[in-house]
Amino acid sequence: MNIDLENRVAVVTGASRGIGAAIAQALASCGAHVVVNYRRNGDLADGVVSSIEAAGGRAEACPFDVADEAQVKQAFGDIAGRLGSIDILVNNAGVSKDALLLRAKSSDMDEMFNTNLKGSIFCSFQASRSMLKQKHGRIVTISSIVGMGGNPGQSVYAAAKAGLIGFTKSLAKELGPKGILVNAVAPGFVETDMTRGMDADALREMIPLRRIGTPADVAGLVVFLCSDLSSYITGQVFVVDGGLYT
Ligand code: NAP
């Protein structure tokens, strides 16, 4: 069974590194034209585009801040105008600023809500305008097991990630009748810049599969959810965590 995303345009937010970069590479390997969004690290985003092109795929880098509604509107208008459609949106861009609640800074709370939650809402708003015209589309949002089970030191991050689950379920009900499928993926601990500095040995002991996840572990599921193989699945949250959250 092959996954064919030929002639699909996919926007992956926060794809300059980590999980987003792996998702961009995986979607492109199935034939999608991938828009590699980033906020600051243009060199890394260019590297992701080059790796996709070297493998025979199509991609372009696209800077915008998902938390800035005007930038999001302009970027999605430009993408839809130039490429003709937006078939897939992966809301992956995210930040975590870990702190116990009594030490949490208001500016960090704003950044986590604005990027993780409002950013995904802004991008879904703009992408769904194109998808509604096309009468098809896929939106996959990266939440976290922390938004389902909680974690000390991550209460604000968890609130934003839990918000994405309610958003996903509601949007799936709104857009399902229009042929647009909306799902969420909740990774456990994945080896990226975000988890650098965590105690890997202690984490491994807690994970039934005894390893930390890789970005590719998450990317495989996202590709499935963007493909025709998942055409009767919407409004769901899929955990990818080696069995940690059960
Ligand atoms: P990462 O390595 O820190 O990469 C974050 C990405 O998001 C970068 O590409 C960054 O762009 C981009 N970004 C941040 N703020 C942005 C903004 N305002 N606008 C546009 N792009 C922005 O993170 P990751 O570990 O791959 O995480 C990816 C997603 O998975 C996040 O939503 C995260 O919450 C979620 N997640 C991660 C884990 C984990 O264990 N790693 C677990 C569960 C969920 P620049 O490079 O330009 O800064």
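The model is predicted, so local features need pLDDT of at least 70 and side-chain atom pairs count only at pLDDT 80 or more, while totals for chains, interfaces and linings use all residues. Residues are numbered from 1 along each chain as its sequence is written, and side-chain values use heavy atoms, with hydrogens and water left out.

**Exercise 1. Find out which residues surround the ligand and which are the closest.**

Start with the count: 32 residues surround the ligand, each with a heavy atom within 4 Å of it. The closest are Ser16, Arg17, Arg40, Tyr157 and Thr192.

Next, sort the shell by class. It has 13 nonpolar, 13 polar and six charged residues. Here Ala, Val, Leu, Ile, Met, Phe, Trp, Tyr, Cys and Pro count as nonpolar, Asp, Glu, Lys and Arg as charged, and the others, Gly among them, as polar.

Then look at the elements, which are DSSP runs numbered from the N terminus (helices: H or I, at least four residues; strands: E, at least two). Helix H1 (18–29), strand E2 (33–38) and helix H6 (155–175) each supply at least two residues of the shell.

**Exercise 2. Work out which atoms of Arg39, Lys161 and Gly188 lie by an oxygen atom of the ligand.**

Take Arg39 to begin with: a backbone N or O atom lies 2.9 Å from a ligand oxygen. For Lys161, look at the side chain, where an N or O atom is 2.9 Å from an oxygen of the ligand. At Gly188 it's the backbone again, with a polar atom 3.4 Å from a ligand oxygen.

Now for the cover: the protein hides 97% of the 900 Å² of accessible area (Shrake-Rupley method, 1.4 Å probe) that the ligand has on its own.

**Exercise 3. Describe the second largest pocket: what is its volume, and which helix gives the most to its lining?**

First, the term: on a 1 Å grid over the protein atoms alone, a pocket is an open set of points where a 1.4 Å probe fits, with protein on both sides within 12 Å along at least five of seven lines, and lining residues have an atom within 4 Å of a point.

The volume, the space filled by probe spheres set on the points, is about 160 Å³. Among the lining residues are Lys73, Phe76, Gln126 and Arg129. Helix H3 (69–83) and H4 each supply at least two, and H4 gives the most, with five. By class, the lining has two nonpolar, six polar and three charged residues.

Methods:
Polar contact = N/O pair within 3.5 Å; in protein donor to acceptor, adjacent residues only side chain to side chain.
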